[in-house]
Amino acid sequence: MVEEITKGKLEEQEFSINMGPQHPSTHGVLRMMLKLKGETVKEVKPQLGYIHRGIEKMCEKLTYQQIIHLTDRLDYMSANILNEAVCLTVEDALQVEVPERVQYIRTIMGELNRIASHQLWWCAFGMDLGALTTFFYGLRDREKILDIFEETIGARLLLSYNVPGGLMNDIHPNFQKKVKEFITYFRKKLPEYDALLTGNPIMQQRTKGIGMLTKEQAIAYGVSGPSGRGSGFSCDVRIHQPYSAYSKADFKEILYHEGDTFARYKVRIDEMWESMNIIEQLIDNIPEGNYTAKMKPVIKLPVGEYYTRVEAVRGEFGVYIVSDGNKTPYRVKFRSPNFSNLSALDLMAREQKIADLIAIGGSMDYVIPDMDR
Amino acid sequence: MRSIINYLKEIFGAVAALFKGMRVTGYYFFHPKEIVTQQYPENRATLTMFDRFKGEVIMPHNENNEHKCTACGICEMNCPNGSIEIISEMKVNEEGKKKKVLSKHIYHLGMCTFCNLCVKTCPSNALAMGQDFEHAVFDRSKLNKVLNKPGSVLMKGTE
Ligand code: SF4
Ligand code: SF4
């Protein structure tokens, strides 16, 4: 009897296991219900709700200026870009023309934000694969960007720098100098990333051909951002629908067509180079002018529906506001990239090993509070 | 035979790549000056924060213990999470006019998200952001602060 179980049936059995909500490599409170057969993943069912704060509902009670500080708390790694998205929606609804200076600064801040986020992703991705060293190198360089933020904005992570109509305050006199110093510094340091991790054979074997996502699947599941571009899905809002000052900069969309974990990795590394290009083109040409447009203290949007999309660090971020003419919105909906990206996880992780699931999750760069608003 | 050669090649290639990574770490091992770790809290005496750093909301007072807050309540209204409470009273001034006077500007540090809206919207610039960031206390009630100092009055000429 006992032998029968140990020999036959147990090996055949599928079993369910919970990964998370408190698991170091889910990068937050994400719970995944796994069906495993031995070490092979048969099914991944993500369960949300552990960090639901009802942000969209809270927005209905807040004025448009106050909403900004809540968007920081969605995808905290791209706080500035999400702030910008709300501001763009409000400005679009009111038909306000923001000064060019504001557009330039927003773009530069957004790209700095993107680099900082990718740096932390690189740290965490290395950690997911078991390479602790990366964590220290990534954080070392991210610190420089956070210092730039701190000097101008006063905060390091939850920036709240954009306000409807412009910016909270003007850039610090040192800002341009510091950013240029950072670019020269980071151009020297980024090749270290390649030496430490990209060229590493263990890392390559764990990522190449793992977690395949074809272009068609990426489109069907709405996977956007670097994860979608790793599958050859050209979805960069900065290129296809330039906002702020992106039309003034010359840059290209990073596309890889392999669709595996390594391709998504390469997209992010290359995006850091491209972001530096964008910043370099804009930093010297910040026009003089005001740092906000003239706005009324109480903002009331005209009755109607408004939608704006921007390219956040992890993909397309959309803000949908329905206004009934009051000073608070009637309904707010955020289209967050992480939520759609997560839906493709099951597809990618099936028939892979459980350790690969971590690598795939790392390459999708999940931020849980953004999925679970 | 060929497969063995390939196998060995792979091993040596891997070892070479590992050494490439080790070279980077080795470089920093021998150049400790380039490591940027700050020795906090040992460096507390010399540590200065950027002057825009948002550590807490404060109400600057001048040397005569005067502040600029007129108790208008705009900051209270603009705070997204109710971190500010204004308690005011009606007083008759020298000219015989009734006027609102601030008795307590209560600030709940524990609820504040440092969004800067109160500082930005105050019509008389009575608030500012302070640079202190060591807010840990043993009792939560200590995070509720009264920003106007005891005995302070409104600065002359502030409306
Ligand atoms: S701090 Fe400023 S906004 Fe707040 S009550 Fe005083 S004067 Fe009004
Ligand atoms: S900084 Fe923001 S959250 Fe804090 S007290 Fe001022 S308005 Fe309220």
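**Close-up views of a predicted model**

**Figure 1. Contact between helix α7 of chain A and helix α1 of chain B.** From α7(A), the residues K189(A), E192(A), A195(A) and L196(A) meet K20(B), G21(B), V24(B), T25(B) and Y28(B) of α1(B). The structure shown here and in the other views is a predicted model. Sorted by class, this contact between the two chains holds 4 nonpolar, 2 polar and 3 charged residues. Helix α1 of chain B spans residues 2-30, and its axis lies 7 Å from that of α7(A), at a packing angle of about 130°.

**Figure 2. Packing of helices α5 and α7 within chain A.** Helix α5 (residues 100-128) and helix α7 (residues 175-198) have axes that come within 13 Å and cross at roughly 25°. Because this angle is under 35 degrees, α5(A) is roughly parallel to α7(A). The two helices form a left-handed crossing. On the α5(A) side, the contact is made by I108(A), M109(A), L112(A), I115(A), Q119(A), W122(A) and G126(A). On the α7(A) side, F175(A), V179(A), F182(A), F186(A), Y193(A), L196(A) and L197(A) take part. This contact comprises 12 nonpolar and 2 polar residues, with no charged residues. L196(A) belongs to this contact and also to the contact of α7(A) with α1(B).

**Figure 3. Packing of helices α3 and α4 within chain A.** The axes of helix α3 (residues 64-71) and helix α4 (residues 79-94) are 8 Å apart, and the helices pack at an angle of about 155°. Since angles over 145 degrees count as roughly antiparallel, α3(A) and α4(A) are roughly antiparallel to each other. The crossing of α3(A) past α4(A) is right-handed. Residues Y64(A), I67(A), I68(A) and T71(A) of α3(A) make the contact with L82(A), N83(A), V86(A), C87(A) and V90(A) of α4(A). Of the contact residues, 7 are nonpolar and 2 are polar, and none is charged.

**Figure 4. The largest cavity and its lining.** The whole structure contains 5 cavities of 30 Å³ or more, and the largest has a volume of about 100 Å³. Its lining includes S25(A), T26(A), H27(A), L30(A) and M32(A), together with L345(A). L357(A), I358(A), G361(A), G362(A) and Y366(A) also line this cavity. Helix α15 of chain A (residues 354-364) supplies the largest share of the lining, 4 residues. By class, the lining consists of 6 nonpolar and 5 polar residues, with no charged residues.

**Figure 5. Backbone geometry at two loop sites of chain B.** Most residues other than glycine have a negative phi, and most peptide bonds are trans. The peptide bond from Y40(B) to P41(B) is cis, and its omega is near 5°. P41(B) lies in the loop between α1 and β1 (56-58) of chain B. N65(B), a residue other than glycine, has a positive phi, near 60°. N65(B) occurs in the loop between β1 and β2 (66-67) of chain B.

Terms used:
Residues numbered from 1 in each chain as written. Chains lettered and ligands numbered in written order. Predicted model: local features only at pLDDT ≥ 70, side-chain atom pairs only at ≥ 80, totals over all residues. Heavy atoms only, no water. 1 Å grid on protein atoms, 1.4 Å probe; cavity = no way out; pocket = protein on both sides within 12 Å on 5 of 7 lines; lining within 4 Å. Points joined across faces, edges and corners; volume = space filled by probe spheres on them. Nonpolar A, V, L, I, M, F, W, Y, C, P; charged D, E, K, R; others polar. Axes fitted to C-alpha atoms, helices over the stretch in contact; angles between N-to-C directions. Parallel < 35°, antiparallel > 145°, perpendicular 65-115°, else oblique. Left-handed = near helix turned anticlockwise from the far one by under 90°. Contact = heavy atoms within 4.5 Å.
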